[in-house]
Amino acid sequence: MQKQPTITIVGGGAAALMLAARLDTGKYRVVLYERNKGLGHKFLVAGKGGFNLTHGTDAGEMIKEYYPDGLLTDCLRAFDNDKLRAFLADLGIETYVGSSRRVFPVKGIKPIEVLNAFLKRIAANGVVVNTGHLWKGFGTNGQLVFENRDGEVMVKSDFVVFALGGASWAKTGSAGDWLSCFEEQKVPVLPFQPSNCAIGVDWGGMLAKLEGKPLKNIALSCGKRTIKGELTMTKFGLEGSPVYAFSRCIRSQLAAKQKGVVFVDLKPALSKEQIVKKIETYQTGKAWSVRLRRSLNLSGEKMSLLRYGTSKETFINATAVAAAIKRLPLTITGLAPIDEAISTVGGIAADAVDEYFQLKELPRHFVIGEMLDWDAPTGGYLLQGCFSMADWVAGWFNLRI
C-alpha cells in the first residue's frame with residue numbers, strides 16, 4: 001500500500017486550526033507542531049475583548065478592506081463570511097451579526113468553547129498534534145529543526161505549511177522571531193510594523209486628567225476616507241476602531257514625513273453652517289465657553305480637545321471654531337509599540353508566494369495567516385483572512401491527489 005504523503009503544519013493559531021480541520025487526512029498524514037503547551041493561545045486572548053469571528057458586510061465589499069489588492073481575493077471569494085459561519089455552525093458554534101455588523105458567537109458561547117470545537121474537529125480528523133515544539137529553522141536535506149524539552153527534533157516532511165503568526169502579542173508566542181530563518185533561505189522578507197494600534201499624540205500634559213475618557217459620536221478622517229465611531233483619549237494618544245482602520249494611511253505618512261495628521265469631526269451630524277447658526281442664535285448672557293458647549297451639546301472631553309487644537313482667536317470666533325469642530329487637525333507622532341498592536345504588517349513579502357501561498361524560493365513550503373505581508377482592519381476581518389487562506393490551501397491539497 002502506497003505511503004501517505006506527510007503535511008507538517010508549523011504553528012497553532014487561527015490559520016493552523018482551520019487548516020488542520022479542513023485537510024483530507026484520508027489522503028495525507030498531517031502533523032502539527034506548536035511552541036506553546038496548547039493550541040490557540042492568541043485566539044483566546046483575542047476573544048477577551050469580544051470575539052469577532054468575521055464581519056457581516058457583503059462579501060464583495062469586505063474584500064475591499066484587504067491590502068494589497070488581489071493577494072487574498074481568490075481565497076476570500078472561495079471561503080467568504082457566509083461559508084465561515086456555516087462551518088462554525090457545523091462545529092456547533094452558532095453566530096449572530098451585531099449592530100456594528102461584526103459577527104460574534106451567540107450569547108453564552110465563550111472563546112474557549114470555540115477553540116474546543118476546533119480541537120474536537122481536529123482530533124476527529126486524525127491530525128497528530130505535538131505541543132511544546134519550538135521551530136528553530138531549516139536543517140540539512142530539507143529537514144525542519146524543532147526544540148522541545150528533550151532537545152532538538154529533526155522532521156522530514158513532503159509538504160510544510162507555516163502558520164507562525166506575526167510579531168504582535170509576543171506573550172502568546174506570536175513573536176515574529178522566525179523572520180531570519182526565511183531570510184537565510186533567500187525568501188524576500190520585510191520588517192514588521194504595527195497595525196490596528198493606538199496613535200501617538202503629544203498632548204503636552206493638557207489631557208492627562210482625561211486619560212481613558214471617550215470621544216463619542218465623532219468622525220475621523222485620514223487621506224480621502226472618513227469613518228464614524230468612538231475614540232478613547234490616552235496619555236499616549238488615541239485608541240479606537242476608527243484609528244485602527246487608518247493604520248496603513250498613518251504608516252505611509254510617518255514613513256514619508258516622520259509625522260502624520262488625522263482630522264476629527266466633533267459634530268458629524270451637523271454642517272459647518274448649522275453649527276454657526278446654533279452658536280449665534282443661542283441665548284446671550286452666557287460665557288462664551290458655556291454658550292459653545294450648551295448650544296452644540298459638546299461633552300467635556302470634546303471641549304478639552306477643541307481648546308487643545310485651536311488658538312484663542314479661533315476658539316472665540318463662531319465661524320472659525322465651527323470650521324475647527326468639523327475638521328480639527330491632530331498631529332500624529334508615531335504608532336504604538338509593536339507588541340501593543342492588534343496585528344502587524346511585514347514578514348514574508350507578498351510577491352514571495354504564488355497564488356496558493358507557496359513560497360517561490362521553497363517549493364512545497366507554504367505560508368498562511370499573519371506571517372504574510374497583508375493588512376486588514378479589526379472587526380473580524382483579520383480572522384476571516386486567516387481562515388480563508390487556510391481553507392484555500394487545504395483545497396489545493398485535497399484536490400491534488
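Is Ser99 buried or exposed? Ser99 is exposed, with a relative accessible area of 85%. By exposed I mean over 50% relative accessible area, while buried is under 20% and partly exposed lies in between, using a 1.4 Å probe and protein chains only.

Okay, some ground rules. What we're looking at is a predicted model, where local features need pLDDT of at least 70 and side-chain atom pairs count only at pLDDT 80 or more, though totals for chains, interfaces and linings use all residues. Residues are numbered from 1 along each chain as its sequence is written, and side-chain values use heavy atoms, with hydrogens and water left out.

Back to Ser99. You'll find Ser99 in the loop between strand S4 (95-97) and strand S5 (102-105). Helices (H or I, at least four residues) and strands (E, at least two) are DSSP runs, numbered from the N terminus. From Ser99 to Pro191 is 92 residues in sequence and 37 Å in space, C-alpha to C-alpha.

Now for the helices. H1 (residues 14-22) is mostly covered, with eight of its nine residues buried. Among those buried residues are Ala14, Leu17 and Leu19. H1 packs against H6 (residues 111-124) at an angle of about 35°, and their axes are 8 Å apart. Those axes are lines fitted to C-alpha atoms, for helices over the stretch in contact, and angles run from 0 to 180 degrees between N-to-C directions.

So who touches whom? On the H1 side we have Leu17, Met18, Ala20 and Ala21, and they meet Leu115, Phe118, Leu119, Arg121 and Ile122 in H6. Contact here means heavy atoms within 4.5 Å. That set splits into eight nonpolar residues, no polar ones and one charged. For that count, Ala, Val, Leu, Ile, Met, Phe, Trp, Tyr, Cys and Pro are nonpolar, Asp, Glu, Lys and Arg are charged, and the others, Gly among them, are polar.

And why call H15 largely enclosed by the rest of the structure? Because 15 of its 20 residues are buried.

Last stop, the strands. S13 (residues 214-222) and S14 (residues 225-233) run antiparallel, joined by seven bridges. For two strands to pair, DSSP has to find at least two bridges between them. Ser221 sits opposite Thr226 in S14. S13 and S14 make a hairpin with two residues between them, and Gly223 in the turn has a positive phi of about 65°. Then S14 pairs with S15 (residues 237-239), again antiparallel, over two bridges. Three residues link S14 to S15 in a hairpin, and Met233 has Leu238 in S15 as its bridge partner.
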